[in-house]
Amino acid sequence: MRLSIVIILLFFINHIGNTSVWNICPSCQLKSLEEALDRAEPMDTIRVQKGLYECVDIEINKPVVIIGDEGAVIDGLEKGYVLKILSDSVTISGLKIINAGKSYTKDFAAIYVYRANHFTLSNLEIINPFFGILLEKSKNGNVHHNKVYGVSQREDDSGNGIHLWHCSNVIIEQNEVYGLRDGIYLEFVDDSKVMNNYTHDNIRYGLHFMFSNRDEYVENIFENNGAGVAVMFSKFILMKENTFTHNWGTASYGLLLKEIYDAEVIDNSFTENTIGIFIDGSTRINYTENLFEQNGWAVKVSGGCYTNKFFKNNFIGNSFDISYNAKMNDNTFDGNYWSDYTGYDLDKDGIGDVPYRPVKLFSYIVNKTPETIILLRSLFVDIINFSEKVSPVFTPDNLIDNQPSTFIFQ
Amino acid sequence: MMLKVLKYSFSDLIRSRWSYVYLAFYLVLGFVLLFLNENLSKAVITLMNIVVVLTPMIGTIFGIMYFYNSREFTELLLAQPIRRRTIFLGQYLGVALSLSLSLILGLGIPFTIYGITQSGQIWDFATLLISGTFLTFIFSGLSIYIGLLNSNKIKGFGYAILIWLFFAVIYDGIFLISLIVFDDYPLDKFTLFASFFNPIDLSRIMILLKLDISALLGYTGALFQKFFGTGQGLIVAFIMLLLWVAGPMLLMVKKSTKKDF
Amino acid sequence: MIQLENITKRFGQLTVLDNISFAIENGGTFAVLGPNGSGKTTILKIILGMVLPQKGEVIVRDSKVLKTWDYRKEVSYLPQIARFPDNLTVNELIKMIKDLRNMPSREDELIELLGLEKFLDKKLGNLSGGTRQKVNIVLTFMFDCPILILDEPTAGLDPVSLIRLKELIEKEKAAGKIILITTHILSLVESLADEIIFLLEGHIHFRGSLADLSEKTGEKDIEHSIASLLE
């Protein structure tokens with residue numbers, strides 16, 4: 001009796017939960033993804049075995065799972081899109097996609113997701129696409145463990161690695177993107193998370209936010225991109241535990257904040273960037289426990305920044321700690337560690353007894369006449385910096401750290 | 001023969017108490033910096049600022065002091081069957097080598113004890129010692145040349161200090177002001193060019209290329225980019241420093257063959 | 001063996017030697033005399049190549065030597081003021097000069113003669129003027145050079161050493177060497193000099209033996225002869 005119940009139950013589960021698996025391979029009955037998709041019922045699985053499959057503009061209109069075996073390669077023949085996901089609950093993983101189309105007029109993508117919910121894109125390798133993964137008007141998806149890369153040289157003929165437009169609640173994690181225009185691009189994307197990604201050697205930005213709110217990005221590494229991360233016209237963004245490094249070049253920076261409000265920048269590390277953070281017109285932002293090491297300019301503040309608060313950050317060995325182009329200051333810099341601080345701490349409370357001025361006269365001069373940078377660390381520059389320190393004339397006189405730390409924050 | 005002269009002036013200098021003072025100074029400086037910073041990289045940075053200013057100064061002062069103090073020795077040598085060139089080059093090398101040795105040992109010992117050889121800073125540190133050595137050679141050469149030009153000790157001393165002051169501070173001041181004044185013109189060629197004519201600036205740039213490359217690469221000028229971004233900057237700076245060593249040496253040789261003693 | 005041709009030397013505005021020529025063919029002791037600032041030391045230094053004339057030629061042993069250096073192997077020089085590197089000991093100094101010259105030498109004999117043994121390990125900076133002068137003498141006489149140039153060799157010497165020095169000079173003269181000497185001690189000139197070269201106002205005012213000098217001036221002793229030359 002009991003045995004028969006089990007058998008009945010097993011039959012039942014098998015029938016409902018795990019539906020059919022469709023195998024495709026060059027020598028199978030099903031030789032293409034299209035055939036398999038035609039036959040598959042919703043919730044079926046298509047297993048793409050080793051082989052090369054030509055796919056152009058293939059539309060996925062039902063919830064299916066497509067899993068690639070090792071060596072399963074999808075060839076887009078350099079025409080149009082490769083896979084278009086137009087249904088909810090689609091999962092694609094394990095495929096290698098080559099030869100996606102390029103265009104100057106259309107946003108061709110290796111994987112295009114439109115008005116879909118609950119999608120998962122994982123373990124994909126997308127080689128030299130125009131756009132790698134393009135998500136539009138989609139929600140509640142997960143994009144993880146993908147590798148998207150190209151060999152782009154110019155901004156105008158390349159697309160972005162992972163591009164989201166009008167999406168929400170998407171999680172993007174553990175992806176690697178390089179050699180494209182922007183590594184990851186978010187426009188009108190809310191309540192999403194970008195975590196543990198590695199974007200490097202992209203022409204423009206490693207990560208790019210536009211008009212996106214309540215998002216967070218955590219533990220990503222942005223290395224040697226045109227610029228690390230640009231966050232523009234966005235609110236309530238949490239930036240935490242990321243690494244911004246080697247973003248070198250003219251007006252290049254680890255992080256650009258432009259017209260953003262109420263953000264938190266916590267525990268990130270900015271090392272060896274031309275500019276660590278470039279702040280332009282941004283308000284109510286807290287920068288806490290970040291490390292700025294060996295940057296050209298740790299923080300460059302442009303006009304219209306109010307109530308920014310720097311606290312418990314480490315500024316170590318930067319050519320310039322803070323640079324201002326105005327004499328006005330409405331931001332606070334109390335309680336940071338500055339490696340250039342030369343004051344003393346007689347009462348041994350870990351707070352220097354003499355305030356620190358992070359803006360040097362020389363940084364003001366370099367802003368005006370960039371070539372003077374060649375005189376950095378010269379005795380003459382030290383002398384004029386010292387005289388400015390004693391009586392500020394050109395730099396904001398209230399820009400002071402009143403409680404400079406005498407030890408490096410761990 | 002030159003080696004013999006070098007040997008004697010070197011051993012003479014090695015015995016003089018000033019060499020020890022100088023050596024001791026660097027030893028103390030090295031240990032104090034390491035003790036205060038507990039951090040090799042920061043100690044190296046602080047040291048760079050000091051070395052670029054100090055080695056030319058010490059080179060200048062020692063060079064001129066040695067020149068005037070060793071007049072007897074020089075006269076003794078002049079009556080011997082030795083070429084004049086040999087005498088002065090030998091003495092010059094004696095001064096420059098003993099000072100460089102003080103620098104290298106004085107800083108090398110504390111930093112080696114603190115493990116610089118195993119750290120990532122080893123190349124920064126090596127650059128520091130190399131440019132310090134270059135500056136020592138350049139400025140002791142210049143000051144011996146000044147000594148040859150001026151029989152009057154006080155005048156010679158004054159000029160030597162002035163030369164140091166000029167290259168260490170005044171030159172950069174004029175440089176900076178002219179950059180600001182001629183702001184409207186393309187300046188990057190001028191900037192690179194002008195820095196070639198000051199050995200202190202040159203060695204500072206060698207150090208900047210190590211420490212501040214992030215900032216240096218922030219500039220638009222194509223020449224700047226090329227100079228700093230590819231190894232070119234380092235090579236050019238190096239060659240210019242070599243020329244800077246050769247210049248005073250040639251002047252010295254030329255003057256020494258024409259002077260009465 | 002030593003020949004000066006048309007030597008002119010000016011220091012700034014001041015003409016110290018004005019077109020001077022003279023030749024010394026054979027060995028002997030030649031005293032270069034003259035009032036202070038008459039260019040005695042300058043002549044010696046020109047022969048040594050330490051001072052370079054504006055005009056003229058110096059010929060030593062048949063070759064022009066201006067701006068050359070190896071003829072100094074043939075020349076020993078005793079400078080007027082015994083100045084040495086202070087940090088060296090006497091021994092080291094002697095060794096150094098030997099090392100530089102690389103010629104056979106007889107310093108031990110001279111050290112003994114002048115009684116310098118106990119100073120050998122002293123630093124030169126700590127020696128008295130007389131002792132330094134003795135060191136100076138050792139350095140000059142220890143090599144066997146055909147030409148000796150002695151600029152005020154008696155400065156600071158005690159009478160015993162003075163006698164030793166005279167003996168040394170006599171010996172060298174006997175060996176057929178050319179010895180050029182400047183001194184203020186006229187008795188030394190009297191007892192040693194074969195010829196006198198008297199400089200005045202940039203010219204050679206007189207050249208000849210002591211006998212010639214007496215003859216010319218009509219004075220018996222050298223002091224008066226010299227004084228009358230100056231008048």
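Predicted model: local features only at pLDDT ≥ 70, side-chain atom pairs only at ≥ 80, totals over all residues.
## Helix pair in chain B

Helix axes here are lines fitted to C-alpha atoms over the stretch in contact, and their angles run from 0 to 180 degrees between N-to-C directions. Helix α6 (residues 122-149) of chain B and helix α7 (residues 153-181) of chain B have axes that come within 9 Å. They cross at roughly 150°. The crossing of α6(B) and α7(B) is right-handed.

Which residues in α6(B) and α7(B) meet? From α6(B) come Phe139(B), Leu142(B), Ser143(B), Ile146(B) and Gly147(B). From α7(B) come Gly156(B), Tyr159(B), Ala160(B), Ile163(B) and Trp164(B). The residues of this contact comprise 7 nonpolar and 3 polar, with no charged.

## Chain B as a whole

Chain B has 12 helices and 0 strands. Its pattern along the sequence reads α-α-α-α-α-α-α-α-α-α-α-α.

The C-alpha trace of chain B spans about 60 × 45 × 30 Å along its principal axes. Why does the radius of gyration of chain B agree with a compact globule? A compact globule of 261 residues would have a value near 18 Å, and chain B has 20 Å, so the two agree. Of the 261 residues of chain B, 49% count as buried. Take the contacts in chain B between residues at least 6 apart in sequence: 83% of them join residues at least 24 apart.

## How the chains meet

Which chains share the most contacts? There are 2 pairs of chains in contact, and chains A and B share the most. On this interface, 28 residues of chain A are in contact with 30 residues of chain B. Two elements of chain A give two or more residues to the side that touches chain B: α3 (361-368) and α4 (379-390). That side of chain A divides into 11 nonpolar, 13 polar and 4 charged residues.

Chain A and chain C do not touch. The nearest C-alpha atoms of these two chains are 37 Å apart.

## Confidence

The model scores ipTM 0.86 and pTM 0.81. Chain C has a mean pLDDT of 87, and 100% of its residues reach 70 or more.

Where in chain C is confidence lowest, and where is it highest? The lowest is in helix α8 (residues 222-230) of chain C, at a mean of 82. The highest is in strand β8 (residues 178-182) of chain C, at 91.

Key: Residues numbered from 1 in each chain as written. Chains lettered and ligands numbered in written order. pLDDT = per-residue confidence, 0-100. Helix = DSSP H or I, 4+ residues; strand = E, 2+ residues; numbered from the N terminus. Contact = placed C-beta atoms within 7 Å. Left-handed = near helix turned anticlockwise from the far one by under 90°. Nonpolar A, V, L, I, M, F, W, Y, C, P; charged D, E, K, R; others polar. Rg over C-alpha atoms; globule rule 2.2 N^0.38 Å. Buried ≥ 20, exposed ≤ 12 C-beta atoms within 10 Å, placed from the backbone.
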